[in-house]
Amino acid sequence: MAIELRAVRYRYAGASKDALQSIDLRLEPGRVLGVVGANESGKTTLCLVAGGFAPGVVGGRLEESARIDGVETTSIPTHALALRCGLLFQNAATQLSNTTATVFEEVGFGPCNLGLVVPDVIERVWWALKAVGVEDLAPRDPARLSGGQGQLVALASVLALRPRYLILDEPTSELDPAGTALVADALARVASETGAGIMLVEHKAEVLARIADEVIVLGEGSVALAGPAAAVLADPMLAELGIEPPERIGLERDVRAAGLDWPAVLAEAPA
Amino acid sequence: MSGHDRRLDHSAPAASAGATADSGSSGSAGAGNGSTWSGSAQAGRSAAPSSADPAAPSGAPSAAPSIELEGVSFSYPDGTPALENIELRIDPGELVAIVGQNGSGKSTLARHLNGLLRPTAGRILLGGRDVRGLHVARLAERVGLAFQNPDRQLFAGRVSAEVAFGPRNLGLRGAELDERVRAALDAVGLSAEAASNPYDLGYSRRKLLSLASVLAMRTPILVLDEPTTGQDARGAARVRAVVAVAAGEGRTVIAISHDMRFVAECFRRVVVMRAGRVVLDGTPDVVFGEATWPELRAAYLEPPFAALAGARLGLGATPSAASFVAALGQRARNA
Amino acid sequence: MSSASVATGSGLPEYVTRRPGGFYRSTNPSTKLAIAALEVVAAFAVPGLPGPLLVLGAVLVSGLAARRLRGLAVLALAASPIVGSILLVNLFLLPGASDPIARLGPLAPTWSGLWFGLQTVARLLVFSTAIALVYLTTAVDDLLADLARRGLGRRAIFVVGAAVQMVPRTIGRAAEIVDAQRARGLDTEGRFWQRARGVVPLAAPVVFGALTEVEERTMALEARAFSAPGRQTLLRIPADTAFDRVLRWAAVFALIAVVGLRVAGRLG
């Protein structure tokens with residue numbers, strides 16, 4: 001019961017080289033897997049491949065095995081993909097359907113597409129809104145939400161399909177610190193309360209330090225590092241791969257580079 | 001400052017040691033010093049430089065005008081208030097970061113600096129003169145504003161054409177224009193992509209391209225809207241290098257940001273905004289010092305980790321990594 | 001997986017089930033569309049001038065009753081350049097006209113020209129005001145919901161909804177693009193020929209932005225099972241009273257009748 005990629009290679013249609021080269025990855029329900037990498041290292045492609053959208057929706061060529069719960073993604077019809085794996089992207093505004101007048105209906109967009117009966121739709125909508133913590137946004141106009149709120153609503157509307165896995169491609173990149181914290185906390189809550197497996201691509205190593213269990217590092221289309229979050233984020237190779245480590249790690253590195261000791265009292269996050 | 005220098009991309013133009021932001025130093029640096037941008041900004045224009053007249057084009061960075069906001073208020077046409085009675089003075093050569101959460105008015109304030117928005121009350125002075133009657137196109141000679149989203153600007157088929165757009169609008173042609181383009185691309189590390197299509201570059205580099213297109217205008221005042229947001233480590237390092245070089249040339253650099261570490265590392269003055277008002281204004285030492293943390297948090301901001309760590313160890317104000325390392329080293333030596 | 005069902009209203013929050021009130025506004029959207037179609041067809045099918053003028057009058061009266069006359073007046077005002085030019089062209093240049101009103105040097109305005117011009121203008125105004133009235137009295141969501149109820153596919157619905165919503169978004173984005181280019185010295189306040197040079201720097205990013213957004217939007221839709229088979233469940237159902245239905249069918253029959261009479265040459 002996992003999303004599993006084994007030695008996956010992927011190339012976009014018409015591209016001259018592979019976007020992903022030999023990726024091994026495993027995402028289990030209830031776990032948060034962080035993905036970091038420099039820009040253009042293949043993070044977005046990885047999200048699409050893991051979620052089955054590549055090659056399903058965007059075309060291209062996939063080699064070797066990408067499976068969701070044991071089934072090859074290429075053999076899952078597109079609309080069924082959404083039931084297994086919810087995908088979220090950077091820009092909150094483009095993820096809204098623009099056909100609904102209230103957040104309630106927006107979150108219900110997915111279940112309505114599936115043709116569920118109204119009572120089921122209602123139940124799912126409230127469940128999703130609660131899981132993300134945005135019930136009070138239900139009557140609002142989706143077009144008038146702030147960036148952070150928009151992302152939360154998009155998260156709820158994907159959750160309403162009750163997917164077992166969630167894949168998020170830099171959901172906080174356009175948010176300020178407050179919005180980022182909102183989304184990070186909501187994700188942690190979703191993972192623990194709904195048991196969904198979450199794959200989170202992030203620039204902000206801080207976010208991953210906070211909520212990720214494991215982290216993999218992408219460099220030029222392949223996995224450069226993988227392991228428990230704390231260990232990977234502290235690895236010196238991050239800098240060479242063009243990734244900013246969490247502030248605490250970066251500071252520790254600077255201190256040691258100056259020949260000083262890192263004070264023990266800072267080993268845990270200060271108050 | 002070994003810890004700090006390591007962050008700079010080593011292929012960036014050499015920045016003078018005095019230009020790197022250090023919380024201890026203050027005041028503006030001198031005129032340009034051996035960077036790839038040396039020389040006056042707008043040789044294409046013939047008007048004599050005059051620091052008192054903001055409309056007269058002047059290239060020499062030391063003639064950067066001051067900016068003053070006097071009682072500036074702004075409400076959007078639909079009535080939403082965005083700025084309330086802002087009093088702010090930015091002197092030539094200052095490195096100022098304007099911080100706040102989304103909606104605090106910082107971007108709105110940035111757009112007032114080059115005339116894209118006009119205050120509904122109060123006035124804005126550039127070099128002592130009211131900018132009320134001046135078109136944005138004229139103000140663009142003095143105040144360059146780099147936007148947060150590069151995709152709202154890029155339109156040319158080639159990177160070099162994109163960078164040439166700004167200086168061309170300012171009247172430059174020929175060899176002078178080519179030199180500007182070359183220097184700007186060099187400063188952001190995109191020289192190899194001069195003939196590429198902007199949309200073939202990834203987001204990070206498109207953002208650097210958009211920055212280059214403003215740098216090429218060689219304005220004495222540079223305003224950067226969220227320059228590190230969405231950037232990876234290399235891109236962010238480039239931005240820091242660009243800020244350092246501009247500072248070394250005596251330009252006024254104003255950044256809108258919610259990246260507190262970038263702010264602490266590169267700027268000498270921090271203006272905190274909340275709900276359209278300025279709530280804090282001082283050096284990073286002061287603004288990120290323990291005494292003002294409650295106020296910062298009330299503005300939905302968190303001090304940089306170095307400040308938190310420094311406070312935890314009782315080292316005093318250490319907003320940047322460099323200052324933290326220095327203070328720690330000082331303590332070790334005294335022990 | 002259950003079959004699509006009509007919202008019973010129970011359990012759904014009030015802000016989803018609430019219906020608009022007021023004359024004409026509370027009329028079912030499809031009925032309004034049918035009436036507008038009848039008005040347009042009638043204006044074009046009935047020859048002569050009194051016919052279209054009467055229809056125009058009917059539209060304006062409905063607009064008055066629905067309290068949207070001001071919106072229609074604004075539209076008419078916006079159309080005045082076109083109206084003016086149509087009148088002038090027909091007045092002076094109608095081919096084959098031989099009944100001059102007066103002689104102004106080389107120009108000879110004709111009665112037939114005036115008549116024909118007024119007729120064309122009236123038809124044009126009926127067309128635009130009838131459609132505008134529907135637009136002004138109907139929320140897009142309600143219209144789409146009604147069409148969905150009648151079986152219009154979800155793709156068509158999405159296209160219409162997204163296109164309508166795209167207008168304010170594109171305007172907003174365009175405004176930001178204009179700002180960004182102005183910040184690089186593009187002159188938008190100066191002389192005309194200078195401003196004309198700004199077309200590409202202003203238009204290109206809008207187009208690129210719209211295009212690059214398409215892929216992301218597509219994926220966001222797929223991520224919400226947009227291509228699932230079967231009928232969509234509808235949460236928002238506009239009212240469709242007996243009166244609405246009668247009115248709608250009457251309009252459709254009248255429309256067919258008018259077309260038939262016109263084709264048969266009976267409208268004189």
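This is a predicted model: local features need pLDDT of at least 70, side-chain atom pairs count only at pLDDT 80 or more; totals for chains, interfaces and linings use all residues.
Chain C is a helical chain, with eleven helices and zero strands. Read from the N terminus, its elements therefore follow one another as α-α-α-α-α-α-α-α-α-α-α, and the radius of gyration of chain C is 24 Å, well over the 18 Å that the globule rule gives for 268 residues, so chain C is more spread out than a compact globule. Along the principal axes, its C-alpha atoms fill a box of roughly 75 × 60 × 30 Å. Some 31% of the 268 residues count as buried. Among contacts in chain C with a separation of 6 or more, 72% join residues 24 or more positions apart.

Turning to the contact between chains A and C, 39 residues come from chain A and 39 residues from chain C. On the chain A side, at least two residues each are supplied by helix 3 (78–84), strand 6 (85–88), helix 4 (92–95), helix 5 (103–107), helix 6 (109–113), helix 7 (118–132) and helix 8 (147–159). By class, this side of chain A holds 22 nonpolar, 16 polar and one charged residues.

The contact between chains B and A takes 33 residues from chain B and 27 residues from chain A. On the chain B side, two or more residues each come from helix 1 (2–5), helix 6 (203–215), helix 7 (233–248), helix 11 (305–312) and helix 12 (321–334). Helix 12 of chain B gives the largest share of that side, six residues. In terms of class, the side of chain B that touches chain A comprises 16 nonpolar, eleven polar and six charged residues.

How values were computed: Residues are numbered from 1 along each chain as its sequence is written. Chains are lettered from A and ligands numbered from 1 in the order in which they are written. Two residues are in contact if their C-beta atoms, placed from the backbone, lie within 7 Å. Helices (H or I, at least four residues) and strands (E, at least two) are DSSP runs, numbered from the N terminus. Ala, Val, Leu, Ile, Met, Phe, Trp, Tyr, Cys and Pro count as nonpolar, Asp, Glu, Lys and Arg as charged, and the others, Gly among them, as polar. The radius of gyration is taken over C-alpha atoms; the globule rule is 2.2 Å times the number of residues to the power 0.38. A residue is buried if 20 or more other C-beta atoms lie within 10 Å of its own, exposed if 12 or fewer, and partly exposed in between; C-beta atoms are placed from the backbone.
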